[in-house]
Every structure is written in structure tokens, then in C-alpha cells.
Amino acid sequence: MPAASLYLKLSGIAVLLFIATYLFRRQATPRRIASGLFALSLAGYLGCQVCHLLPIAWLIVVIHIGCYSVPVAFYVMGDALFKDNFRFQLNHLLLLLSVEIINFGVFFFVKNHGGHTSLASGLAFVPAGVSLAIIAATLARVVRGRGADLVEMRRRFRLQFLAVTGAAMLLVLAKEIVYPPHGVPPVLDFIHAAAVLALVWYFG
């Protein structure tokens, strides 16, 4: 991994953990908690790309849990930002558990059978497809809710939310689908890290 990308990712992790801690400790409303969880999940996503440097197995598992939760945390934060009466619901937890089971199941299957079966090669793309579906559903809900939103400032924020998060998430997913984990060109890896940091700046 190029040094510039590594430094960007480590810087992003530090900033995201600071943001999450700030949100959890200062008037922990459901909306702030949802935003803090999204920050933690993004930290986990960046951590997945550097955790091979760590010798602690349980910490790597925790990092991957955060990494896999990004689309669900994004979905929940989308609800929290645009619903005045937002509350955490059972379906949020069920969605998270489903995504984690799918991702870990595919991870271990591909790890044990990768390169030996066409099924393993096909399953490797399932997590990215699930993430894309959840992100698309989130953005669609934001678009549908814009017409009924009576707060003009929040209506404008919906458009900003769509433009920034839509572009960044699609770039990240495109990288995940097209390239294997350790086969990303250095320039694209740097752009990818910068896109995640743009999300950090936007939501920070």
C-alpha cells in the first residue's frame, strides 16, 4: 500500500473515532447516536484495509464487524437525519445481523474455497451487491421524502446529501467490485481513501 494512502486512511480512522466519541458523549440523542455509529462503521471500513498490520485476531474481527456495517449504518443515519421522530427499531437490528451474517459467511467460504470453485468466485461479489442495494434504497428514500419535507433548509440538505454520499459511495463500491482487495492501482487507492475522507469532512 502506498505511504500516502496509508497515512490518509490512518488519519481518517483517527478523525472518525474522535467524531464518534464526541457524538456519543454530547447529548446522546438517537440522531447523534446514529451519526456516531456511521462514523464508527467508516472507521471500521478504513481499518479493514490496514488491519493486516495488526497481530491481534479479536481486534481484526471487531474491525470487520464495523466494516461490514457501513451500508446499514448509512441507511439508519439517512432515517435519523430526515425523520423528526426518529427512533431505533427492531428492523434496523435485523438488517444489521443479516448483513453481518452474509458478509462473514461469504468471507469464510471464499477463504476456504477460493480459487477452487466458480461458486466461491461468484459469492465474492455478493457483499458488494447487498451494500449497493441498501445504499440505493437509502438514497431513494431521501429522494421520495424531499417533496413532503416542509423545511426548506432540510430540502436543500437532501440534495447535498445525495450528491456527496452518492458519488463517494458509488466510487467505493466500484472499487470493491472491479478490483480484488490487494490489487487496487495506487492512484485509485489514493482517490478511494480521499473519497472516504471527503465523507468524513462532510459529516464532521
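Let's start with phenylalanine 107, which is partly exposed at 34% relative accessible area (buried is under 20%, exposed over 50%, partly exposed in between, using a 1.4 Å probe and protein chains only). This is a predicted model, where local features need pLDDT of at least 70, side-chain atom pairs count only at pLDDT 80 or more, and totals for chains, interfaces and linings use all residues. Residues are numbered from 1 along each chain as its sequence is written, and side-chain values use heavy atoms, leaving out hydrogens and water.

## Aromatic pairs

There are 5 aromatic pairs in the structure. Rings of Phe, Tyr and Trp (its six-membered ring) pair if their centres lie within 6.5 Å; planes under 30 degrees apart are stacked, over 60 edge-to-face, and the rest tilted. One of the pairs joins phenylalanine 104 and phenylalanine 108, stacked at 6.3 Å centre to centre with 20° between the planes.

How far apart are phenylalanine 104 and phenylalanine 108 in helix α5? They sit 4 residues apart in α5 (residues 90–113), so about one helical turn separates them. Helices here are DSSP runs (H or I, at least four residues), numbered from the N terminus. Phenylalanine 104 is buried at 18% relative accessible area, while phenylalanine 108 is partly exposed at 44%. Phenylalanine 108 also pairs edge-to-face with phenylalanine 107, at 5.2 Å centre to centre and 80° between the planes.

## Where Phe88 sits

Phenylalanine 88 is partly exposed, with a relative accessible area of 40%.

Definitions and conventions:
Helices (H or I, at least four residues) and strands (E, at least two) are DSSP runs, numbered from the N terminus.
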